[in-house]
Amino acid sequence: MSIPIVTTVSLLLCSNVFMTFAWYAHLKNLGNKPWIIAALLSWGIALFEYLLQVPANRIGYTQLSLGQLKIIQEVVTLSVFVPFSLLYMKEPLKLDYLWAGLCLLGAVYFMFRGNQT
């Protein structure tokens, strides 16, 4: 695997941690606050996500197609979301996470199988 692809995946992994917290942590921590407070705090967290995600996609696009970048993003998102859901939000482990992961593996296969039309 090339340096740009490793860099892209690493940056997307870090950006997804911020994204996941921005999207969902307020459900646990700010449930008693007005939604506008949660939105503004989430927006502040999301800034850090974008500071990592934009360079990740720019670097990745030098060697990957747009579709490949999107599928990598989806795999990374699920890879971050499942531990977040289990460890931070204390949600129960669901077999549906496995099925979603298997569907994503199929998507990865089709996006990376070569220059097929």
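**Figure 1. Contacts and overall build of the protein chain.** In this predicted model, residues 24 or more positions apart make up 78% of the protein chain's contacts with a separation of 6 or more, a contact being heavy atoms within 4.5 Å. The protein chain contains 4 helices and 0 strands, and its elements follow the order α-α-α-α from the N terminus. Helices (H or I, at least four residues) and strands (E, at least two) are DSSP runs, numbered from the N terminus. Along the principal axes, the C-alpha atoms occupy a box of roughly 50 × 35 × 25 Å. Residues are numbered from 1 along each chain as its sequence is written, and side-chain values use heavy atoms, with hydrogens and water left out. Local features need pLDDT of at least 70 and side-chain atom pairs count only at pLDDT 80 or more, whereas totals for chains, interfaces and linings use all residues.

**Figure 2. The ring pair of F21 and F84.** The structure holds 8 aromatic pairs; rings of Phe, Tyr and Trp (its six-membered ring) pair if their centres lie within 6.5 Å, and planes under 30 degrees apart count as stacked, over 60 as edge-to-face and the rest as tilted. F21 and F84 form an edge-to-face pair, because their ring planes stand at 80 degrees, with the centres 4.9 Å apart. This pair links distant parts of the chain, with F21 in helix α1 (residues 3–29) and F84 in helix α3 (residues 66–88), 63 residues apart. F84 is buried at 7% relative accessibility, while F21 is partly exposed at 29%. Buried means under 20% relative accessible area, exposed over 50% and partly exposed in between (1.4 Å probe, protein chains only).

Figure 3. The ring centres of W23 and Y24 are 6.0 Å apart, and the pair is edge-to-face because the planes lie at 65 degrees. W23 is exposed, with 53% relative accessibility, and Y24 is partly exposed, with 29%. W23, Y24, F81 and Y97 are joined into a cluster by ring pairs.

**Figure 4. The charged end of K28 over the ring of Y88.** The charged end of K28 lies 4.5 Å from the centre of the Y88 ring and sits over that ring. A charge sits over a ring if NZ of Lys or CZ of Arg is within 6 Å of the ring centre and within 35 degrees of the ring normal.
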